[in-house]
Amino acid sequence: ESDLPDDDYGVDDRIEDDAEKAMNEEDSDIEDDEEEDEDSMIDKEAIEEDDDDSEGDIDDDDASKEDIEDVDSDEVSDDNEEVDKEKSLSTNIDIDDKLTSSTPDLETMTRRIKETISILNDFTNKRDVNISRSQYLTQLSMDLSNYYSYNNYIMRDVIMEIFPINNELLEFLEANEIQRPITLRTNTLKTRRRELAQSLISRGVNLDPIGEWSKVGLVVFETPVPLGATPEYLSGKYVLQ
């Protein structure tokens, strides 16, 4: 009898232990499930963050593509503008070549000056349709400046404004090319013109009276001595003019 209670008590203890083990296993399974759920939630959040990053990268790629397209369009427009400028420049160069493409010898320049003046005097009938009147005037001014050794500003804005574009302009320029004669004015307070002329002729000076309209003037054609260093000049008997 004393053994039975011990056996019964041992059986109950084993049952309770088994029950506790079962409950502990269920709790551990629940905790494992909860941890797995938490891990799965973390994985989902990480996936969502990756998706957001990838969408941001796609947006950045789209923006960079748009920037590249804008840059390409700007480069294309710049290229088109440069092509247009080159075309216009080449057209201007062709027109200028028609005007200036010639050898710089005096004979050719003289012929071109006369042709340009003829065209300007009958501009409607003789002009080149691709060349404007201002271009003809510019070319004429450059040719006249080079031929007669004038400043282009003086030729274009002064002389060509004073004289008409015809033979009168050329006559004026040719007259300026003629060597100015050396003239002497006699100082009648110290000598007479005849005495002065005889004194200079004795020194080898070739001269004549300047004209009937003057009683004191002498014109010198040739002299072997400097007229500004003769004894007559140093003594004040004449003035160089």
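**Questions on a predicted model**

Reader: Which side chain joins that of E232 in a polar contact of 2.4 Å?

Author: A polar contact is a pair of N or O atoms within 3.5 Å; within protein, one must be able to donate a hydrogen and the other to accept it, and residues adjacent in sequence count only if both atoms are side-chain atoms. The model is predicted, so local features need pLDDT of at least 70 and side-chain atom pairs pLDDT 80 or more, while totals for chains, interfaces and linings use all residues. Residues are numbered from 1 along each chain as its sequence is written, and side-chain values use heavy atoms, without hydrogens and water. At 2.4 Å, the partner of E232 is S199.

Reader: Which residue of β3 is the bridge partner of T183?

Author: Strands pair if DSSP finds at least two bridges between them. Four bridges join β1 (residues 182–186) to β3 (residues 217–222), and these strands run antiparallel. In β3, the partner of T183 is V219.

Reader: Which residue of β3 is the bridge partner of P209?

Author: Strand β2 (residues 206–209) runs antiparallel to β3 and is joined to β3 by four bridges. For P209, the partner in β3 is L218.

Technical notes. Helices (H or I, at least four residues) and strands (E, at least two) are DSSP runs, numbered from the N terminus.
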